Amino acid sequence: MATTTWAIDPTHSEVQFKIKHLVISTVTGSFKKFEGQAVTENDSFENAQISFALDVNSIDTNQEQRDEHLRNNDFFDAATYPQITFTSTSLTKTGDDEYKLTGNMTIKDVTKPVTLDVEFGGVATDFYGNEKAGFEISGKINRKEFGLTFHAVTEAGSIVLGDDVKLSASVQLVKQAQEVVA
């Protein structure tokens, strides 16, 4: 049997989140720095071992004052917990190009099981001869389950932030190495 290691190509990948603001609109943000890899048996992604880390200090909601607030103790406490991590426990094929990715997500000091939807976009070779694989990943978490409990209400009684956070990532992996395992 051979194992193949695939690494995230950060120049062709993005990680975003969406959360309700004042219950009437959605704020979208992203993480600009992240890293991760998948280790597969041969070249099949089913049952791949996946690890991923986001740099909390790279959060970007297109508004610096809000980003600083998200980095402080009210939310992510980036000084103490500089990364959000995910380690898979299973990647199960559910359709032709569809998978369920289950694993443990850690935000701050809280680790919880999470299941995400994955759509496999296929494999292609780029101009430089690198073999690449593409994926669209989506899911939803409850921020309060991960210790992100900041709560505010406007003077008129409107809730400032929703509890559910929608996650989405468009990821391109680059084949790194293949190793034969005895």
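In this predicted model, W6, F45, F120 and F135 come together as one aromatic cluster. A pair of aromatic rings is described by the distance of the centres and the angle of the planes. Across the structure, the count comes to 7 aromatic pairs.

F45 and F135 form an edge-to-face pair, with centres 5.0 Å apart and planes at 75°. Here, too, distant parts of the chain are linked: F45 lies in strand 5 (residues 44-55) and F135 in strand 10 (residues 131-142), 90 residues apart. Both F45 and F135 are buried.

Charged residues come next. Side chains of opposite charge can pair when their charged atoms come close. The structure holds 6 salt bridges. One of them brings together the side chains of R71 and E68, at 2.6 Å from N to O. These two residues share helix 1, where they are 3 residues apart, about one turn of the helix. R71 is buried, with a relative accessible area of 13%, whereas E68 is partly exposed at 42%.

Other salt bridges reach between strands. D117 and K100 meet at 2.3 Å, N to O; because D117 lies in strand 9 (residues 110-125) and K100 in strand 8, the pair ties together parts 17 residues apart in sequence. D117 is partly exposed, with a relative accessible area of 35%, and K100 is also partly exposed at 35%. Likewise, the side chains of E131 and K175 meet in a salt bridge of 3.2 Å, N to O. E131 is in strand 10 and K175 in strand 11 (residues 161-180), so parts 44 residues apart in sequence are tied together.

K18, K20, K140 and K166 make up a patch of positive charge. Within it, K20 lies in strand 2 (residues 14-21) and is partly exposed, with a relative accessible area of 41%. A patch of negative charge is formed by E14, D96, D97, E98, E119 and E136. Of these, E98 is found in strand 8 (residues 98-107) and is partly exposed at 47%.

Terms used:
Residues numbered from 1 in each chain as written. Predicted model: local features only at pLDDT ≥ 70, side-chain atom pairs only at ≥ 80, totals over all residues. Heavy atoms only, no water. Patch = residues over 30% accessible without salt bridge, like charges linked within 9 Å, V, L, I, M, F, W, Y side chains within 5 Å. Areas by Shrake-Rupley, 256 points an atom, 1.4 Å probe, with all protein chains shown as cover. Salt bridge = Lys/Arg side-chain N within 4 Å of Asp/Glu carboxyl O. Lys, Arg positive; Asp, Glu negative; His and termini not counted. Charge placed at Lys NZ, Arg CZ, Asp CG, Glu CD. Helix = DSSP H or I, 4+ residues; strand = E, 2+ residues; numbered from the N terminus. Buried < 20%, exposed > 50% of the residue type's maximum accessible area, 1.4 Å probe, protein only. Phe/Tyr/Trp six-rings, centres within 6.5 Å; stacked < 30°, edge-to-face > 60°.
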